[in-house]
Amino acid sequence: MEEAATSPTAVVRGCWSSLPADLLRDILARLPWSSHSHPSFAATCAHWRSAVAPFYPAWITPVLLSAADVGSTNLRFYSPYYHKNFQLDETLESPNARICCANGRHLILYQSVADKNVVVDANLVTGDIYDFYLPESTRFHFVAVYDGGAGKQQVMFGVHAHVLLQAARSLRPPNGQGWSAWEFSELDPEGPELAVSPRTNPVLHHGLLYLLGVDGKLAVHDDSRHSEGFQLLDMPAGFGFQCDDDESHLFESDEGELMAVLIGRRRGSPVQVVRLNERSMEWEKVESLKGRALFTGTLTTVMVKTGVKWMQDKIFVPRLHEWPETIHADLVDREGELAFVPKSTAAAQGRRAACGKGIWTCALPPQESSVFWETINVDYSIWVDLRN
């Protein structure tokens, strides 16, 4: 019995379970934020579990970035999965700026400073800000950035959409720090006129930039013929049904389809999703999201596959039943993965998912939800996808 009690296996187990907490935390600091490494580490024993600091993965779902005033209010990231706000101490020093688009870890803002218009490229993780001044008297209604992928250049489009349409573009080379000078398309007085949907960015789809009208018409810009600007398409002629009171949001799905979601403003109006049939060039109603989740209601609309069952086949709109708990946290990057790490352990209790309680959702086929009309509308916000 004494041999069994002092066997090599027992000695090794005793050594591992009694490692100093500082050493365990040092080991954890070298592990990626993932759904496997930290839970497995914590499951080893109670001592190891005590060394695992609370963290909230930022990649589980898109998060809703909001701020009352970018220049004076710290940024908040609302997670529909946890139903919590994660507030960062850092602020973006861009008073009176408006959010334009979110592209991965970059937030694009539009700001007027001393009668000059500025595009602000802010890195959400590092806090670095790049100011990009526009030519005199230049105004954009939309600014959107598209990433060509690893080793390819980024392109930023600015769109003037008051009556006549005009496009501008700027390029940033791979691993480049700055953007090139703006190139403007011709402004033709006889050019296309489109009543543009005010709450949706233009969408880059198969190399073409599409702009959505409030009635479902489309204007398109071919970047390879940039100087020619936008052309109004004969088809689609409209959505095919009345939607004057709807907000329409254009987006490209995770399967590469051009789609739009329509959110009714009147009580009882359904939320509808349509897909562009590119053969007939007509909008077709979508009856199922095929297990995906759709995050919409801001200039950036995101469709994602999700393993979270209660999020499948749901449309998420940035309206809250109640203002969620706010946790002061840091947005930490570990080997390309991001997580919100609370500044105090006490604030990190109760990490279980809230199963969507607190944010308004609907399913397809649409169902009326009276709760929607009593919610808080998060106007100054945008969906941010922080997945790798």
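Predicted model: local features only at pLDDT ≥ 70, side-chain atom pairs only at ≥ 80, totals over all residues.
Pro236 sits in the loop that runs between β16 (230-232) and β17 (246-252).

- For context, most peptide bonds are trans, and most residues other than glycine have a negative phi.
- You'll find His83 in the loop between β3 (76-79) and β4 (84-87).
- His83 counts as buried because its relative accessible area is 10%, and the cut-off for buried is under 20%.
- Lys290 isn't a glycine either, yet its phi is positive, at about 55 degrees.
- Look for Lys290 in the loop between β20 (282-285) and β21 (292-295).
- Lys290 has a relative accessibility of 59%, so it counts as exposed; the cut-off there is over 50%.

- Glu186, Asp188, Glu190 and Glu193 together form a negative surface patch.
- One of these, Asp188, belongs to the loop between β12 (183-184) and β13 (203-205).
- Asp188 comes in at 40% relative accessibility, so it is classed as partly exposed.

- β25 covers residues 337-342 and is mostly covered itself, with six of its six residues buried.
- In a regular strand, side chains alternate between the two faces of the sheet.
- In β25, Glu337, Ala339 and Val341 point one way, while Leu338, Phe340 and Pro342 point the other way, and all are buried.
- β24 (residues 325-334) runs antiparallel to β25, and six bridges join the two.
- Within that pairing, Asp330 has Val341 of β25 as its bridge partner.
- β24 and β25 make a hairpin with two residues between them.
- Glu335, in the turn of that hairpin, has a positive phi of about 55 degrees.
- β1 (residues 56-57) also pairs with β25 in the antiparallel sense, over two bridges.
- Here Tyr56 has Phe340 of β25 as its bridge partner.

Notes:
Residues numbered from 1 in each chain as written. Heavy atoms only, no water. Helix = DSSP H or I, 4+ residues; strand = E, 2+ residues; numbered from the N terminus. Buried < 20%, exposed > 50% of the residue type's maximum accessible area, 1.4 Å probe, protein only. Patch = residues over 30% accessible without salt bridge, like charges linked within 9 Å, V, L, I, M, F, W, Y side chains within 5 Å. Areas by Shrake-Rupley, 256 points an atom, 1.4 Å probe, with all protein chains shown as cover. Salt bridge = Lys/Arg side-chain N within 4 Å of Asp/Glu carboxyl O. Lys, Arg positive; Asp, Glu negative; His and termini not counted. Charge placed at Lys NZ, Arg CZ, Asp CG, Glu CD. Pairing = 2+ DSSP bridges.
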